[in-house]
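Subject: Structure handover

Hi,

Here is the structure I promised to pass on. My notes follow below it.

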Amino acid sequence: MLFRSEETTRLNRVVTEVLDFAKPIRFDFAEADLNDICRSSATAAWLGETHRVALDLDGSLPSVVTDAERLRTALVNILTNARHAVDAANRGPEAAEPAVVVRTRVADDDQITVAIRDRGMGIGREDLARIFDPYFTTRRAGTGLGLPISKDRKSTRLNSSHVSESRMP
């Protein structure tokens, strides 16, 4: 019975992601606390294991005008991918460093940044150019829609935004 419940949840997630990707974007802009959005995203993506996530949040951030729920969805997608990368690299909860670090800062040019770093094994060079392609995934159970949705929504346009990736050796 547990398998049936898990499979139903997985199929529901796949259908929801496909529908979200296909429908036009409608934003609901309002003032929001970016640090609160980061906290709730980490909790959602790392449910039960939030001790593996370090939050390095700049307490002096001003409020931002964004669609908080869409931004949260994008961050949950990215943090879920980080969780899968860390788990695949067998970097368990006993590790000395946190599995993922979420950091917010105001840059010198007054741009607000959210940086997410994980201790996963990284993305293969041959796959790096394709990670934002719809339906591209390296995971057996993945849909390949999490990052394309995040990229397509441009992180819900925090005035101007940029979703990018980098691979450290």
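Start with the strand pairing. Strand β4 (residues 100–106) and β5 run antiparallel, joined by seven bridges. Within that pair, valine 101 sits opposite arginine 117 of β5. Two strands count as paired if DSSP finds at least two bridges between them. Helices (H or I, at least four residues) and strands (E, at least two) are DSSP runs, numbered from the N terminus.

A word on the source. This is a predicted model, in which local features need pLDDT of at least 70 and side-chain atom pairs count only at pLDDT 80 or more, while totals for chains, interfaces and linings use all residues. Residues are numbered from 1 along each chain as its sequence is written, and side-chain values use heavy atoms, with hydrogens and water left out.

**Sheet and helices**

The sheet is open and has three strands, in the order β2-β4-β5, with mixed pairing. Its edges are β2 (53–56) and β5 (112–118), each of which pairs on one side only. On average, neighbouring strands are turned by 15 degrees against each other, direction ignored. Helix α2 (residues 34–45) packs on this sheet and touches β2, β4 and β5. The direction of α2 makes about 170 degrees with that of β4. Contact means heavy atoms within 4.5 Å. Axes are lines fitted to C-alpha atoms, for helices over the stretch in contact, and angles run from 0 to 180 degrees between N-to-C directions.

Helix α3 (residues 68–88) lies across β4 and β5, at about 20 degrees to β5. α3 has 21 residues and spans 30 Å from first C-alpha to last, close to the 30 Å expected at 1.5 Å a residue. The expected span is 1.5 Å times one less than the number of residues. Buried positions in α3 include Leu71, Leu75, Asn77, Leu79 and Arg83. Buried means under 20% relative accessible area, exposed over 50%, and partly exposed in between (1.4 Å probe, protein chains only). After α3 comes asparagine 90, with a positive phi near 55 degrees.

**Core**

The largest nonpolar core has 20 residues. Such a core is a set of buried Ala, Val, Leu, Ile, Met, Phe, Trp, Tyr and Cys residues joined through side-chain atoms within 4.5 Å. Leu34, Cys38, Trp46, Leu79, Val100 and Val102 have the most contacts inside it. α2, α3 and β4 are the elements that give two or more residues. α3 supplies the largest share, six residues. Leaving aside residues up to four places away in sequence, cysteine 38 touches Leu57, Leu75, Val102, Thr104 and Val114.

**Salt bridges**

There are eight salt bridges. The criterion is a side-chain nitrogen of Lys or Arg within 4 Å of a carboxyl oxygen of Asp or Glu.

Aspartate 56 meets arginine 103 at 3.8 Å, N to O. Aspartate 56 lies in strand β2 and arginine 103 in strand β4, so this pair ties together parts 47 residues apart in sequence. Aspartate 56 also meets arginine 105, at 2.9 Å, N to O. That pair again links β2 to β4, 49 residues apart. Aspartate 56 is partly exposed, at 31% relative accessibility. Arginine 103 is partly exposed at 38%, and arginine 105 at 23%.

Glutamate 49 and arginine 52 form another salt bridge (2.9 Å, N to O). Both residues are buried. Shared partners join Glu49, Arg52, Arg83 and Asp87 into one salt-bridge network.

Best wishes
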